[in-house]
Amino acid sequence: MMHPDTEVRFINEVIGYGVVAKKFIPKGTITWVQDPLDRVFTGGEVERMHPRIQEQVDKYSFRNNKGEYVLCWDLAKYVNHSFNANCLSSAYDFEVAVRDIQPGEQLTDDYGYLNISEPFKAVDEGTGRDTVYPDDLLKYHEEWDRQLQDAFENFEQVEQPLKQLISSNVLEKLKTKLSQNEPLDSILNLYYREK
C-alpha cells in the first residue's frame, strides 16, 4: 500500500504516469508496505498465463528474493525508476523516503534492486548510470544500505501512517537495532539469484 498522501498523475509522453506526493513526505517516512492485497505469483504461474497477461505482470510487478512476482494492487505499480531515487526498499517488505519529498514531486525507486530479468536503458540523469542491470543490487547495495541507515535515523520521529501495516515482530526488531545503533539488515537480502 502506498502512502496516503500520494496520487497518480500523468508525468509526460516518455514516462507516462507516475506516483506524486500530494503533501510533504519527510525523510524516514514509510512510503510503501507490501500488504495482503498485493498479488504474489510464482514463475510457473506467470508462465501459464495468457501472453497479454504476462506482459502486464512483467510491466507492473517486481520480483522478490524468492523470484516470485509481486503485483501491487494500488497505485504502487506506477512508481517510476530513477537513478537518483527518493525511496528505497528495505529488507523488511516496506520502502522509506531516503530524502524529503516535496509536494508535486514524483516518488521513485531504483529498479536496480527489483530483480529485473533483462537490462534496460533509462533516462540519463547525470549519475554515471544510464542502464539498469539485473545485478545492480550486487554492485550498489552498500551505497543503498548507507542511504537507508541514514533515513532510518528519522524513522521514530516522523509521522508514519503506514506503520500499523508492519508486523509487530519487524517493528520490534527495527526498534532494537535503531536504539542500539546496530546496522539494519542489508538491502542485499532482496536479491534473487537466478538458478
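Modeller: Start with a group: Tyr92, Phe94, Phe152 and Phe155 form one aromatic cluster. Keep in mind that this is a predicted model.

Colleague: Okay. How many aromatic pairs does the structure hold?
Modeller: It holds 10 aromatic pairs. Take Trp32 and Phe62 as one of them. Their ring centres are 5.9 Å apart, and their planes meet at 85°. Planes over 60 degrees apart count as edge-to-face, so this pair is edge-to-face.

Colleague: Where do Trp32 and Phe62 sit in the chain?
Modeller: In distant parts of it. Trp32 is in strand E3 (residues 30-33), and Phe62 is in strand E5 (residues 61-63). They are 30 residues apart.

Colleague: Is Trp32 buried or exposed? And Phe62, buried or exposed?
Modeller: Trp32 is buried, at 4% relative accessible area. Phe62 is buried too, at 18%. The cut-off for buried is under 20%.

Colleague: What about the rings of Tyr140 and Trp144?
Modeller: Their centres are 5.7 Å apart and their planes are at 45°, so that pair is tilted. Both residues belong to helix H3 (residues 136-152). They are four residues apart there, so about one helical turn separates them.

Colleague: Is Trp144 buried or exposed?
Modeller: Trp144 is buried, with a relative accessible area of 3%. Tyr140 is partly exposed, at 22%.

Colleague: Which residue lies over the face of Tyr140?
Modeller: Arg129 does, at 4.3 Å from the ring centre. There is also Lys139, which lies over the face of Tyr133 at 4.9 Å from the ring centre.

Colleague: New topic: the surface. Which residues make the nonpolar patch?
Modeller: Val8, Phe10 and Tyr17 make it, and it covers about 290 Å². Phe10 is in strand E1 (residues 6-12). Phe10 is partly exposed, with a relative accessible area of 44%.

Colleague: What is the bridge partner of Phe10 in E2?
Modeller: Tyr17 is its partner. The strands E1 and E2 pair in the antiparallel sense, over six bridges. They form a hairpin, with three residues between them.

Colleague: How many residues of strand E2 are buried?
Modeller: Five of the six, so strand E2 (residues 16-21) is largely enclosed by the rest of the structure.

Colleague: And in general, how do side chains alternate in a regular strand?
Modeller: They alternate between the two faces of the sheet.

Key: Residues numbered from 1 in each chain as written. Predicted model: local features only at pLDDT ≥ 70, side-chain atom pairs only at ≥ 80, totals over all residues. Heavy atoms only, no water. Phe/Tyr/Trp six-rings, centres within 6.5 Å; stacked < 30°, edge-to-face > 60°. Helix = DSSP H or I, 4+ residues; strand = E, 2+ residues; numbered from the N terminus. Buried < 20%, exposed > 50% of the residue type's maximum accessible area, 1.4 Å probe, protein only. Lys NZ or Arg CZ within 6 Å of the ring centre and 35° of its normal. Patch = residues over 30% accessible without salt bridge, like charges linked within 9 Å, V, L, I, M, F, W, Y side chains within 5 Å. Areas by Shrake-Rupley, 256 points an atom, 1.4 Å probe, with all protein chains shown as cover. Salt bridge = Lys/Arg side-chain N within 4 Å of Asp/Glu carboxyl O. Pairing = 2+ DSSP bridges.
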